[in-house]
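I opened the model to go through its fold, its sheet and its side-chain contacts. My entries are below, in the order of looking.

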Amino acid sequence: MQILKSSFLCLSVLFSIVTISMAETTESAAPAAVHIIYTQNPDGEEPEAFHIRTLTSVLGSEDAAKEAILYSYKHAASGFSAKLTPHQVSQISST
């Protein structure tokens, strides 16, 4: 009976590890797609610098933000288009 309990516990832990690993892999493997992010006009800051700073908070570095931004909208609307994963879109939506 003790061996059965130990085996069940080991299988439960292994299942939890595999489930967590699969969730992380699925999230990181989600393909990036082009999204248009609308922002308010920044006060006292160049729009493109503001867009890079906003995206840097999600991507972790200014270089990554500059690489991800495809276009910075400055005239008819304020915002930018960037290649982002669904998780990154969720993160930037909450900032």
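**Entry 1: ground rules.** I am working with a predicted model, where local features need pLDDT of at least 70, side-chain atom pairs count only at pLDDT 80 or more, and totals for chains, interfaces and linings use all residues. I number residues from 1 along each chain as its sequence is written, and side-chain values use heavy atoms, with hydrogens and water left out.

**Entry 2: the chain.** I looked up the secondary structure and found 4 helices and 3 strands in the protein chain. Helices (H or I, at least four residues) and strands (E, at least two) are DSSP runs, numbered from the N terminus. Along the sequence the pattern reads α-β-α-α-β-β-α. I then checked burial: of the 95 residues in the protein chain, 26% are buried. Buried means under 20% relative accessible area, exposed over 50%, and partly exposed in between (1.4 Å probe, protein chains only).

**Entry 3: the sheet.** In which order do the strands of the open sheet stand? I read β1-β3-β2, with antiparallel pairing. β1 and β2 (69-73) are at the edges with a single partner strand each, so one side of each has no neighbour in the sheet. The twist from one strand to the next averages 20°; axes are lines fitted to C-alpha atoms, for helices over the stretch in contact, and angles run from 0 to 180 degrees between N-to-C directions.

Two strands pair if DSSP finds at least two bridges between them. I noted that β1 pairs with β3 (residues 79-84) over 6 bridges, in the antiparallel sense. In this pairing A33 has L84 of β3 as its bridge partner, and I36 stands opposite S81 in β3. β2 and β3 are also antiparallel, over 4 bridges. Here S72 is opposite F80 and Y73 is opposite G79. A hairpin through 5 residues joins β2 to β3.

How many of the residues of β3 are buried? I found 5 of the 6, so β3 is largely enclosed by the rest of the structure.

**Entry 4: salt bridges.** I searched for salt bridges, a salt bridge being a side-chain nitrogen of Lys or Arg within 4 Å of a carboxyl oxygen of Asp or Glu. The structure holds 3.

- E45 and R53 meet through their side chains at 2.7 Å, N to O. E45 is partly exposed at 26% relative accessibility, and R53 is partly exposed at 47%.
- K74 and E48 meet at 3.8 Å, N to O. K74 lies in the loop between β2 and β3 and E48 in helix α2 (residues 47-59), so the pair ties together parts 26 residues apart in sequence. K74 is partly exposed at 39% relative accessibility, and E48 is partly exposed with a relative accessible area of 39%.
- K66 and E62 have their closest N and O atoms 3.1 Å apart. K66 and E62 are 4 residues apart in helix α3 (residues 62-68), which means a separation of about one helical turn. K66 is partly exposed at 45%, and E62 is partly exposed at 45%.

**Entry 5: aromatic rings.** My search of the whole structure for aromatic pairs gave 1. How are the rings of Y71 and Y73 placed? Their centres are 4.8 Å apart and their planes are at 65°, so I list the pair as edge-to-face. The rule is that rings of Phe, Tyr and Trp (its six-membered ring) pair if their centres lie within 6.5 Å; planes under 30 degrees apart count as stacked, over 60 as edge-to-face and the rest as tilted. Y71 is partly exposed at 47% relative accessible area, and Y73 is partly exposed at 28%.

Entry 6: I placed V34 in strand β1 (residues 33-38). V34 is exposed, with a relative accessible area of 53%.
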